[in-house]
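Let's walk through this one together, one question at a time. Have a look at the sequence and the model first.

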Amino acid sequence: MRKITAGLFISLDGVVEDPQDWHFPYFDDEMGMAVDAQLGAADTLLLGRRTYDSFAGAWPDREAAGGDDAAMGKALGDARKIVVSNQDLQFTWRNSEQLRGDLVETVTALKNEAGTTHIGMSGSVSVVRQLLAAGLLDELHLLVHPIALRKGARLFDEGEPIPLRLVSSKAFATGVLHLVYAPAASTLTGTYDDAKTHLPQHGND
């Protein structure tokens with residue numbers, strides 16, 4: 001079974017909207033390697049329409065320009081790109097297609113395709129939410145920036161709790177935290193009476 005990973009730039013207060021307006025000052029070699037490991041290595045990309053439009057409007061030109069980001073542009077261009085949208089779409093970026101049918105059923109079939117390469121996602125917040133709720137997302141890569149934006153759409157909306165377990169964590173020199181989560185089997189339970197046993201015991205003077 002193939003693995004689906006999603007990568008998101010996110011602020012300290014959970015905002016994921018318009019990262020191009022606030023995350024670039026924190027982009028360094030460490031973040032570049034993290035993004036490449038999660039997204040650049042995928043041979044299939046699953047993208048929401050807005051994210052796809054943003055990518056398709058920039059990466060083909062960057063690849064053609066032959067600059068420092070041309071290699072990433074080529075990797076994204078060569079990847080199979082599946083776009084989630086209810087609208088009829090016309091594509092100019094190579095290897096692009098529209099997801100047909102039910103999202104959960106189609107993504108389940110994608111995961112069951114033969115192969116060991118993974119399926120990558122970037123942004124596409126509404127799709128990430130749906131796959132998390134359906135238990136289809138294998139890893140959630142959060143690049144948590146040390147800034148509180150105080151406005152904008154956040155990753156998690158109202159709904160049922162989604163239990164996660166921490167797979168790995170790394171602090172970058174910029175103060176960004178790279179946190180990788182995977183689904184957890186169940187939500188933890190406990191009460192204050194359970195927690196208080198872990199408080200330090202101080203003797204009375």
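Q: In the hairpin of E7 and E8, which residue takes a positive phi?
A: Quick background: this is a predicted model, where local features need pLDDT of at least 70, side-chain atom pairs count only at pLDDT 80 or more, and totals for chains, interfaces and linings use all residues. Residues are numbered from 1 along each chain as its sequence is written, and side-chain values use heavy atoms, with hydrogens and water left out. The hairpin has five residues between its strands, and the one with a positive phi, near 95°, is Gly-175.

Q: How many bridges join E7 to strand E8?
A: Strands here (E, at least two residues) and helices (H or I, at least four) are DSSP runs, numbered from the N terminus. Two strands pair if DSSP finds at least two bridges between them. E7 and E8 (residues 177-183) run antiparallel, with Arg-165 opposite Ala-182 in E8. The number of bridges joining E7 to E8 is seven.

Q: What does helix H1 span between its end C-alpha atoms?
A: The expected span is 1.5 Å times one less than the number of residues. For a straight helix of twelve residues that would be 16 Å. H1 (residues 29-40) spans only 14 Å.

Q: Which residues of H1 are buried?
A: Buried means under 20% relative accessible area, exposed over 50%, and partly exposed in between (1.4 Å probe, protein chains only). By that rule, the buried residues of H1 are Met-31, Ala-34, Val-35, Gln-38, Leu-39 and Gly-40.

Q: How much of the protein chain counts as buried?
A: The chain has 205 residues, and its secondary structure comes to seven helices and eight strands. The share of residues that count as buried is 39%.
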